[in-house]
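Here are a few notes to read alongside the model. Have it open and follow each point in turn.

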Amino acid sequence: MKDGKTIILGIESSCDDTSAAVLQDGWLLANVMASQEVHRKYGGVIPELASRAHQQNILPVVSQALDQAGVTMDNVDAIAFTRGPGLLGSLIVGTSFAKGLALASAKPLVEVNHLQGHILSHFIKVEGRDNTQPRFPFLALLVSGGHTQIVRVDDYLQFTVLGQTIDDAVGEAFDKCSKMMDLGYPGGPIIDRLAKEGNPTRFRFAKPNIPGLDFSFSGIKTSLLYFLRDSLKEDPDFIEKNKNDLCASFQKDLVDILMKKLVKATEITGIKQIVAGGGVAANSALRNAITSEGAKRGWSTFLPELRFTTDNAAMIAIVGYYKYQKGLFSNLEAAPISRAAEYTL
Ligand code: KG4
Ligand code: ZN
């Protein structure tokens, strides 16, 4: 353990990853994850199975994180937990565990909005790495399996949603595309990998025309569906023969949709500090697009380390750290909030 002041234990269980992390004054001491392989064969997350796996994993994951960090509950100043949004049954496991631990150890509780975690993951400090942080105000492109938003961030806990998807999230579009082509789950990383061998300009799918900074991904998904249906009528092996080009083209279109709105947001706000967050921020084409567009337009761009793109507790602990500093504590009645719409940034 390093010399320092505030030690936060973070707990994340909003979807299918059980994670616990320990931060000291924002420095990462441990980040333990247990991913649930059980959903893979069903082609998507099965909520009942997710809750059960969280229940099995949460105690070992938390104690492993404390061990790795070299701390005990006596050293911890506060317990930060994901209150939402996410799957209700999954959230209940983390919330109840955090409350029980807080009661037993007489430590304060801090509730965290999962989306704020994805955005503030850029403030986690890691030893041996360049820890340059974005300056306020910055724009966050938040892209995950459940959300797609452009958020203006004026301070650690001051967020304004400038635009968001009106239907599917971009991660969902990746996952559904993969399902249509029978490639596996989760689709994002699989498409990313296959796309590297494909031609991104071979096929074109319908692009949405949504005003302002909002997004839509349902049209492009339907466009792919009809295109595959028609092509398979002509050649039953169409997908197998063309999957790399299909993935590369579909991925390019999704990235173009995201980049168009991100560029527009920088033009409207004049903000040139750009961060990406969420599972889809692991996508190599999106990362390249943000970096190259940024170089062209004079942006300062911040892409999270891959381990901080996916759901993790370090990002929950960092939000917990900033809330702790402001004395924003939760109480033992705090119940999960599963829907993002009821949990404003
Ligand atoms: O943030 P996250 O781990 O969970 C949610 O909060 O939703 O995001 C999961 C999403 C999934 O849709 C997954 O397919 C997508 O992130 N994803 C990717 C990549 N890695 C994960 N999408 C595109 N390219 C990737 N490399
Ligand atoms: Zn997430």
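1. A crossing of two helices is left-handed if the near helix is turned anticlockwise from the far one by less than a right angle, and right-handed if clockwise. Helices (H or I, at least four residues) and strands (E, at least two) are DSSP runs, numbered from the N terminus. In this predicted model, helix 7 crosses helix 8 in the right-handed way.

2. Helix 7 (residues 238-269) and helix 8 (residues 284-297) pack at about 35°, and their axes are 10 Å apart. Axes are lines fitted to C-alpha atoms, for helices over the stretch in contact, with angles from 0 to 180 degrees between N-to-C directions.

3. Who touches whom? In helix 7, Val-255, Leu-258 and Met-259 are among the residues that meet helix 8, whose side includes Ala-285, Leu-286 and Arg-297. Contact here means heavy atoms within 4.5 Å. The contact residues split into 9 nonpolar, 1 polar and 3 charged (Ala, Val, Leu, Ile, Met, Phe, Trp, Tyr, Cys and Pro are nonpolar; Asp, Glu, Lys and Arg charged; the others, Gly among them, polar).

4. Now the sheet: it is open, with 5 strands in the order 3-2-1-4-5 and mixed pairing. Strands pair if DSSP finds at least two bridges between them. Strand 3 (27-35) and strand 5 (109-113) are the edges.

5. Strand 2 (residues 17-24) runs antiparallel to strand 3, joined by 8 bridges. Ala-21, for one, has Asn-31 in strand 3 as its bridge partner.

6. On numbering and cut-offs: residues count from 1 along each chain as its sequence is written, with chains lettered from A and ligands numbered from 1 in the order written. Local features need pLDDT of at least 70, side-chain atom pairs count only at pLDDT 80 or more, totals for chains, interfaces and linings use all residues, and side-chain values use heavy atoms, leaving out hydrogens and water.
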